[in-house]
Amino acid sequence: MSVIAPMTMIDFFRKSEGTWFSQRAVHHFSSVANESGESNLIVKVLDKNDPSVLEVCLEQGVEPSMASGGATFMWQGNTKDGEPNPNYAATLVDIPDANDPRYGKFLRNKGYVEGIPVVGIYHFAEDGVLTINTEYEKNQGQERCWFVTDDFRVRVSTVKLMNGVNLMTYCSERRCVLPSHLEKMVERNRQRALLFQ
């Protein structure tokens, strides 16, 4: 099955929009035991004129007209109902390179490793693998992400302290099918079955 890989950050946001079931394994290179877990990752694309995008740009001293758009990323335990906890959410704003939109930076209102506003530098390889490098006050983070299919993606990240790699995380993520999409799929299959009767 072929997949069309996104080659710009805003296309990556669009392809990621929806709810994903995320399974992760975290390997610590210190005395802390390894861990694993499951959660839902909820991605929503934001227009470049969205108030959240403008707010992040202004907070970080970036001209809002440079933004192509943004996205919110929210994490929630996969067995929990209701709205996600805003403490487990982040807003990202894409600032693509003017000459090559496969390169750029994104502004993030809250970092993953340290809960402070950060700027990540990204690029898309020829095969569509996205690499993000983020400098924090005390750490460096690198994440790679790619789509295996339109509905399955992989993320691998490392966090480095001054003395080397501190942890590595592997996530496999499957898109959750919304009830409305499921109903359409069932109806499409029902119509197909009628053709063969």
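In this predicted model, the charged end of Arg153 sits over the ring of Trp20, 5.1 Å from its centre; such a placement requires NZ of Lys or CZ of Arg within 6 Å of the ring centre and within 35 degrees of the ring normal. Lys15 likewise lies over the face of Phe147, at 5.5 Å from the ring centre. Residues are numbered from 1 along each chain as its sequence is written. The model is predicted, with local features needing pLDDT of at least 70 and side-chain atom pairs counting only at pLDDT 80 or more, while totals for chains, interfaces and linings use all residues; side-chain values use heavy atoms, without hydrogens and water.

Trp20 and Phe147 belong to one aromatic cluster with Phe12, Tyr122 and Phe124. Rings of Phe, Tyr and Trp (its six-membered ring) pair if their centres lie within 6.5 Å, with planes under 30 degrees apart counted as stacked, over 60 as edge-to-face and the rest as tilted. By this rule there are 5 aromatic pairs. One of them, Phe13 with Phe73, is edge-to-face because the centres are 6.1 Å apart and the planes at 70°. Phe13 is buried at 0% relative accessibility, and Phe73 is buried at 8% (buried means under 20% relative accessible area, exposed over 50%, partly exposed in between; 1.4 Å probe, protein chains only). Tyr122 and Phe124 also pair edge-to-face, with centres 6.0 Å apart and planes at 75°, and both residues are buried.

Phe12 meets Phe124 and Phe147 too: leaving aside neighbours within four places in sequence, its contacts (heavy atoms within 4.5 Å) also include Leu130 and Arg153.
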